[in-house]
Amino acid sequence: MYFDDLKLGMTVEIPKAVIEKQKMIDFALLYDNIPLHTDEEYASKTPFGKLIAPGVMSFMSVWARYLEVDFFGEELLAGKSTKIEWLKPVFADDVLSSTATVTKLQKRNSKNGLVEITIEAYNQNGELVLTDVTEAIVKCRLQ
């Protein structure tokens, strides 16, 4: 979708993301190898009581599903930034339901604009577990 076609407040539901235990551990072993993510005995003695998913893995699980309903498609020129906030732990077998909303539009020039998308992800209990604010540069329609 072109920058010119986007409107503030546009929202899309993101398909659900399921956090699979083995994928969670495999990701942690590669990218976030700390006992809280990989050692069940250790994790059982923490305030969480069990393994928690690496935050980036939780976000990327939601992001991968967002790309299935992406606002921009071929009109995306580049990502500019992202800011993720983790608000609650995510556990194996959690099911994350999310929405993406256009929260800022700023035309940069005649060729492109800056679009801010805010993603909110909730677990199966309706608890907000993470938010993400991503900025992207999107093509304008050529006049």
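Phe-59, Trp-63, Tyr-66, Phe-71 and Phe-72 come together as one aromatic cluster. The model is a predicted one, in which local features need pLDDT of at least 70 and side-chain atom pairs count only at pLDDT 80 or more, while totals for chains, interfaces and linings use all residues. Residues are numbered from 1 along each chain as its sequence is written, and side-chain values use heavy atoms, with hydrogens and water left out.

Over the whole structure, the search returns 5 aromatic pairs, where rings of Phe, Tyr and Trp (its six-membered ring) pair if their centres lie within 6.5 Å, and planes under 30 degrees apart count as stacked, over 60 as edge-to-face and the rest as tilted. One of them joins Phe-27 and Tyr-31, whose ring centres are 5.0 Å apart with planes at 50 degrees, so this pair is tilted. Both residues belong to helix H1 (residues 21-31), and because they are 4 residues apart there, about one helical turn separates them. Tyr-31 is exposed, at 60% relative accessible area (buried means under 20%, exposed over 50%, partly exposed in between, with a 1.4 Å probe and protein chains only).

The rings of Phe-71 and Phe-72 are also tilted, since their centres lie 6.4 Å apart and their planes meet at 45 degrees; Phe-71 and Phe-72 are both buried.

Elsewhere, Trp-86, found in strand E2 (residues 76-86), has a relative accessibility of 45% and therefore counts as partly exposed. Helices (H or I, at least four residues) and strands (E, at least two) are DSSP runs, numbered from the N terminus.
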